[in-house]
Structures are given as C-alpha cells and as structure tokens.
Amino acid sequence: METESRADNHRPLHLARGPRFKWVAAAATGGVLLLAAGMLAYAVPVPILDDIIRDRIVKQVSSQVSCSGAAAAGTEVTVGGGPLVPQALHKRLTEVKLIVPDATLSGVPHARFTATMRDVTQPSGGTHVGSMDAAITVNFGYLPTPAGTPKRTFHKAGDGGLSVDVTMPAAAADNVQAKLFMKMRLRGETAQSVPQRLEIFGKSLPASQVGDLAGGVRSQQLPPLPDGVRYQSITPRTDGVHIQIGGVSTTALNTLPTDVGGRTVSYTAANGLLGINTTAIGVPLTIHTQPVLGPGTLTLVPKLVHILGADHKPDSTLGKLVLSQINQDDLKQTLPTLPSGVTYRSVTVDPQGIKVVISGVTTQPFTVLKQPPGNPTLFGAEGGLLTATATGGSGKDTPVVLYGKPVIKDSTLDISPDQIEMFGVRFPATNVLAQVAPQETTYDLQKLPPGLTYAGVEVLPDGLRIRLTGENVTLQKGALTGAAC
C-alpha cells in the first residue's frame, strides 16, 4: 500500500494536473469569449438590442418635440452615428434627424420642420445640442395675409425670387401722379389731342402700352369760322394753345340786303368798286363805293355817283345832293369779332362778292381745354406736345405684382419688393412706393433659443424654406416647433 501510494505521488506532473487545468482552461476561454462578445456588442450593432434602444430614443426625442398632450403626429426620428449601444451607455447621441411633417410654426399652419442635430445629450431641464441645422418649409397657400389688407397670392418668380399678386385698393393711389403727352391736330373745326406717351413712376411708356390709362383721342369743338376761313394749325406752347387761322371770307352780291333805308337796291361790281343801284329824287342812279376796313367795321365809301348818264364826284353839287338822300350808317357793317391775335387784313370786291382776308394766330389759355372726367387735370406743354398732369388714381382697385428677394432680419421675414408691376410694366419699387400707400410686407417669426439663428430663406416652386443653424443650443420641451410648455 505504501509502495502504491508513493507511486501515485511520483506521477508525472503533466499527468497529475490534467483534469484541473482543463477546467481552468475552459473557464478562461469562456471569459475571453464573453469579453469578446461584450466588446462586439459595444462596437457592432446587435439588431434586437439596437431596436430596443432606438425605440426608446425615438420616444424620448418625440416627447421633446411637443408639450404633453399635444404630441406632433407623424413625427419621424432617425438616430445615426453608428452603433447605438455605446451612444446609449454614454448618454450622448452622435446624430439625430427629426422630421415634423405638419406643425404650426410662427403662426403658420401645416408647416414642415426638419432638423439634423449632432452631439445630443439630455441633461436635466432640456436637450443640449452641440450643433444643428434645421429648416421650416411653408406652402404658399398657408402664408397669412395681414389683417385689413387684400388677399395675396404667392409664386416663385422666373429669377428665383418671390412674386406676390395683390390688388391695390383705390385709396392707396391717391398720391399717384401721371403726366400724359398728347399731339394736337385739327379735323375741320374740331381740335383733337392724341395720346403719345405716359410718364408715371419715373418711366415714360408708349400710350399704346397703357391704353386704359392714356385713354383715347380727346376732341373739342372750336368756334365756327366764316365761310372760306379755316383753322390752319394748332400747337401747344408754354403760354397756351396757339391756333393759326387764315382764309378769305366772301360775301356774294346776291346775298347783300335788297332793302336799305326803305329803298330797293341791287348790286354790281366793276373796277374794284361795288355799285349800289337805287333811285333818289325820282331818278335811277348808281353809287360806286370802295369797301374799307375799320376797327371791327366794313364801310362802303362812295367814290362816284352815276346819275343822268354821267359820273359825278361825291363832293360835286349833284353828288352831294344824291348822297344826302342816303343814310350813311346804311353804308357801314359791323364785322364779327375775331379771336385775339386774328385780324381782318384786307378787303376787295369783284363780281363774286366782297372778299375779306382774315389771318393770324390766336393763343388760347389752357383753361379753355375741357377737363376730362375724374381727377382735376393741369394742362401744359413740353416739346410741342400738350401735357395733362393729374394726381390720384382711377378710383378703381388696381391689380399689381410685387417682385423681390425675401430676406430674414433678426426674427422677421421681409418680402419687401424691389420691383412692382402695374399695367403690365415693371417699375422700381422705390418710385412706386414714393406715391402709393405701402402694403405690409413683413412677417414676425417665432423667437429661437439662444445659440440658434435664422440663416436665410429660399423660394421653392410652391413655398418658402427658412433655414436655421446653431451651436451649443439648449432646447426646452416644445421649442423645436415653437411651443412653450
């Protein structure tokens, strides 16, 4: 027995420790594998574990979007930045992407909010974001119209800016000044003013382009003139409208009075003299007269008296006797009054009648021109054209289009135009707004947490995209969508 016991004690060392070291080796191997598995889970996503962590993070982030009882429906949260286990263990998310498809932002309903947040932690009192970029997208149809202003319709302009259709109320144009230039012409005894161009808001526009504003041809009847005399030209100048008149007024012999002073008379013409045929002292006679112009009168001055077959001078005994039987006033005629600047130039007589030459230029003040309907018009002249200047609109609402590049100043969206289209023409906005009551063109945006700022605005085909950016931002609950809990 002793011998056997000694024999056992002297077994080779590798044989004596065999079973115990197998167990230790197995345990060591299992520990290494377990450690490796833990490290693998730390470094490599494990689907089931990641899903659990992801669901928890999504719920946590979603709860931060809106206040209690007002969760944003359809909120989408995507957690990125690699495996979630280490992020969860460190309570620091590398990247979180958030989409709120339907929220009320800055008072605008149905806005879309997207954000990418990096280095996200949730200390007590809110969510801290190392840096973030976000955007608010608003459809044109939901942009509000300021109270008391006409409805607006928004579009993306061809140059990438914003265009706004709006109707300007009639009262807004009370101070608008327009100057119409017209060419004057004559049509018989009618003066016509034909629109050529319109000056408005610092631009000169062809009348054909702004027909509704320029109106059509304006006509005004002139005073009638004697037969043979006509209006020859009409020219507006700074001191008034200059009208040239000229012609020969002829009074036919057969239209002269046949009863003068109770005597029957007839007329003949020869050698530039008008013969008046009548009777005196019971004897037929002819008084040969020469027409002479005086101030506003035509006088038939006797030159010869033909009686008893002979001619006698007016100062002869027989001539005086005959002429004493004639009322001298019957030999005078008052001529029609002519416009200032137009005179009776000369008079002659022939078998066709008494011919009076009339000519001259009359200058009529602009006040003789008819006022068009609507606003009072001040007439003048420039460059040979008649000008008509009026202040005030047409009395009707006017559709206009505003063009501009929207900008954000602090927490205000400003869509002030740089061009305004009216009557199919674009004008510099400064020119228009100097005369037209301005429209409200600013929108207050929601205040942002410290560290987060508005970075700009972009015009999309169907709306606006407002960009936000920031660093070291602490978001209180509901802050992402403008709520205050």
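Start by selecting β11 and strand β12 (residues 240-251) in this predicted model: the two run antiparallel and are joined by eight bridges. Zoom in on T235, and you will find H242 of β12 standing opposite.

Now widen the selection to β11, β12, β22 and β21, which follow one another in that order in an open sheet of four strands with antiparallel pairing. Which strands stand at the edges? Colour β11 (229-237) and β21 (342-350): each has a single partner strand, so one side of each is left without a neighbour in the sheet. Look along the sheet as well; on average, neighbouring strands are turned by 10° against each other, direction ignored.

Next stop, the hairpin of β8 and β9. Select β8 together with strand β9 (residues 203-206), and you have an antiparallel pair held by four bridges. Pick R197 and its bridge partner in β9, P206. Then move to the turn, where two residues lie between the strands and F201 takes a positive phi near 50°.

Keep β8 (190-200) on display, as this strand also gives two or more residues to the lining of the largest pocket. That pocket holds about 820 Å³ of space. To centre your view there, select D212, L213, G392, G393 and S394, which lie nearest the pocket's centre among its 34 lining residues. Which element gives the largest share of the lining? Highlight β7, the source of five residues.

Finally, colour the lining by residue class: 19 nonpolar, 10 polar and five charged.

Key: Residues are numbered from 1 along each chain as its sequence is written. This is a predicted model: local features need pLDDT of at least 70, side-chain atom pairs count only at pLDDT 80 or more; totals for chains, interfaces and linings use all residues. Side-chain values use heavy atoms; hydrogens and water are left out. On a 1 Å grid over the protein atoms alone, a cavity is a set of points where a 1.4 Å probe fits but cannot get out, and a pocket is an open set with protein on both sides within 12 Å along at least five of seven lines; lining residues have an atom within 4 Å of a point. Grid points are joined across faces, edges and corners, and a volume is the space filled by probe spheres set on the points. Ala, Val, Leu, Ile, Met, Phe, Trp, Tyr, Cys and Pro count as nonpolar, Asp, Glu, Lys and Arg as charged, and the others, Gly among them, as polar. Two strands pair if DSSP finds at least two bridges between them. Axes are lines fitted to C-alpha atoms, for helices over the stretch in contact, and angles run from 0 to 180 degrees between N-to-C directions.
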